[in-house]
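Me: I am new to reading protein structures and would like a close look at one part of this one. Could you walk me through it slowly?

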Amino acid sequence: MDNFLNVLSLFLIDAWFAWIPAVGFAMVFNVPRKMLIYCAIGGSFAHSFRFLLMHFGMPIEWSTFLASACMGFVGLYWSRKYLIPRPVFTVASVIPMIPGSFAFNAMIGLMEINTGGYSLELMQIVMENGLRTLFILTALSFGLALPSILIYRGRPIV
Amino acid sequence: MMILSEEAQTEVTRVAVLAGQILHQHGAESRLIEQTTQRLGLALGADSIELSVTPDAIVITSLYDGRCITTTRRCYDRGINMQMVCDVQRICVMAEKQLLHVKEVKKRLKRLVPYKHNRWLVVLMIGFSCGSFSHFFGGDTAVYWTTFVASSLAMILRQELAHRHHNPFVNFASAAFLATIITSLGVIYDIGENPKIAMAASVLLLVPGFPLINAVSDMLKGHINMGIARWVFATLLAISVSIGIVAAITVMGISGWMR
């Protein structure tokens with residue numbers, strides 16, 4: 001019971017902190033004001049769901065895939081309901097899960113190899129971070145595209 | 001079935017290409033550009049619309065009764081704006097339900113003005129966003145506020161440079177430089193428990209998330225060329241951000257980023 005409450009509180013804190021970047025980046029993408037609330041709901045849902053899956057030991061790529069696939073289906077429902085293209089909700093909602101620091105870490109490692117010479121540790125950093133970026137990003141986009149790949153298959157959604 | 005004269009068909013082609021151009025310029029994914037343009041053209045009476053979407057232009061041909069009309073539009077990047085994408089989509093749906101005719105569709109498309117959120121509100125929200133990222137990386141309150149200040153100032157610089165039409169690579173590199181200079185002050189004066197978290201979190205406002213997601217979903221849906229172009233653009237942006245970071249940590253004499 002104690003353990004459950006602990007996980008629940010971590011889950012809620014994660015959900016609280018995840019809606020902020022979703023709305024922040026939605027505003028950079030100029031999502032219409034009425035739709036910002038859906039970006040907030042989607043962002044906190046997707047990130048906290050991924051947190052839960054990772055808490056139970058699932059690797060980050062697969063949890064990202066499942067979370068963004070759920071987000072894709074939620075976005076499908078909203079998009080049919082409000083007649084608005086899906087990326088408007090879904091992309092801002094998954095922005096908190098984008099592997100930004102992995103990507104920058106890989107690039108900075110490459111530059112350090114250039115200036116300081118090749119070393120196994122630097123190469124390890126570059127490869128691990130670069131590959132993780134690649135796989136998380138693919139999982140993210142593939143999950144979002146799942147409804148149109150599996151169900152709509154070329155027909156327009158809205 | 002509508003009957004189109006040659007002039008009418010030319011007009012339909014122009015309206016359809018205008019819709020596609022607006023979508024392309026404001027960061028819609030290729031499948032959406034293709035579908036919306038085709039649906040609009042068919043709704044306005046063409047027999048079929050064929051188009052080729054390339055990274056910097058769209059080429060469109062309308063067919064009616066064995067007659068082809070082709071036109072090309074150059075698409076300059078106007079920045080991501082989802083409100084424009086929503087509006088074009090809405091006009092397309094209305095035309096499909098025969099609520100609008102060619103003239104009205106054209107008038108409405110010409111009338112669209114990109115909506116921008118209040119820039120200071122955006123700065124505030126981006127500051128809090130990067131603060132949240134620092135929380136996800138395990139930072140404490142002091143690190144949160146360092147990140148907030150650094151990323152808000154970087155966002156102001158990014159908006160100012162974008163407003164003056166500076167090259168995006170220059171823009172992103174300078175914003176990353178500014179953010180890292182401020183957060184490395186946090187490392188030097190030892191603010192918070194692990195001040196290097198602020199260095200990692202404060203540049204996350206410069207991650208090209210939208211181009212990256214669009215790139216992968218374009219490639220998944222068969223627009224390999226567009227996907228590669230977007231991917232390369234996003235990678236170049238990330239490289240220029242890294243150059244900004246490396247320049248700043250070299251100037252401030254910090255060893256290692258996040259390590």
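Which side chains meet in a salt bridge at 3.3 Å, N to O?

Reply: Happy to! The side chains are those of B:E29 and B:K221, which meet in a salt bridge at 3.3 Å, N to O. A salt bridge here is a side-chain nitrogen of Lys or Arg within 4 Å of a carboxyl oxygen of Asp or Glu.

A word on the ground rules. This is a predicted model, in which local features need pLDDT of at least 70, side-chain atom pairs count only at pLDDT 80 or more, and totals for chains, interfaces and linings use all residues. Residues are numbered from 1 along each chain as its sequence is written, chains are lettered from A and ligands numbered from 1 in the order in which they are written, and side-chain values use heavy atoms, with hydrogens and water left out.

Now for the setting of that pair. Chain B is divided into domain 1 (6-111) and domain 2 (119-252), with bounds that come from an automatic or database domain assignment. The C-alpha centres of the two domains of chain B lie 34 Å apart. Between domain 1 and domain 2 of chain B the count is 1 salt bridge.

How do the two domains touch? In chain B, 12 residues of domain 1 are in contact with 11 residues of domain 2, where contact means heavy atoms within 4.5 Å. The area buried between these domains of chain B is about 940 Å², and carbon and sulfur atoms give 58% of it. Buried area is the accessible area (1.4 Å probe) that two parts lose on being put together, summed over both. B:E29, B:S30 and B:R31 supply 46% of the area that domain 1 of chain B buries against domain 2 of chain B, more than any other three residues.

Across this interface between domain 1 and domain 2 of chain B, the rule also finds 6 residue pairs in polar contact, both residues at pLDDT 80 or more. A polar contact is a pair of N or O atoms within 3.5 Å; within protein, one must be able to donate a hydrogen and the other to accept it, and residues adjacent in sequence count only if both atoms are side-chain atoms. On the side of domain 1 of chain B that touches domain 2 of chain B, the elements giving two or more residues are α2 (30-43) and β1 (48-54) of chain B. Helices (H or I, at least four residues) and strands (E, at least two) are DSSP runs, numbered from the N terminus. The largest share of that side, 3 residues, comes from α2(B). By class, the side of domain 1 of chain B that touches domain 2 of chain B has 5 nonpolar, 4 polar and 3 charged residues. Ala, Val, Leu, Ile, Met, Phe, Trp, Tyr, Cys and Pro count as nonpolar, Asp, Glu, Lys and Arg as charged, and the others, Gly among them, as polar.

Finally, look at where chain A meets chain B. The contact takes 53 residues from chain A and 58 residues from chain B. Chain A and chain B bury about 4800 Å² between them, with 76% of it on carbon and sulfur atoms. In chain A, A:M27, A:N30 and A:F104 lose the most area to chain B, together 15% of what that side buries. Across the interface of chain A and chain B, the rule finds 0 salt bridges, while 8 residue pairs are in polar contact there, both residues at pLDDT 80 or more.
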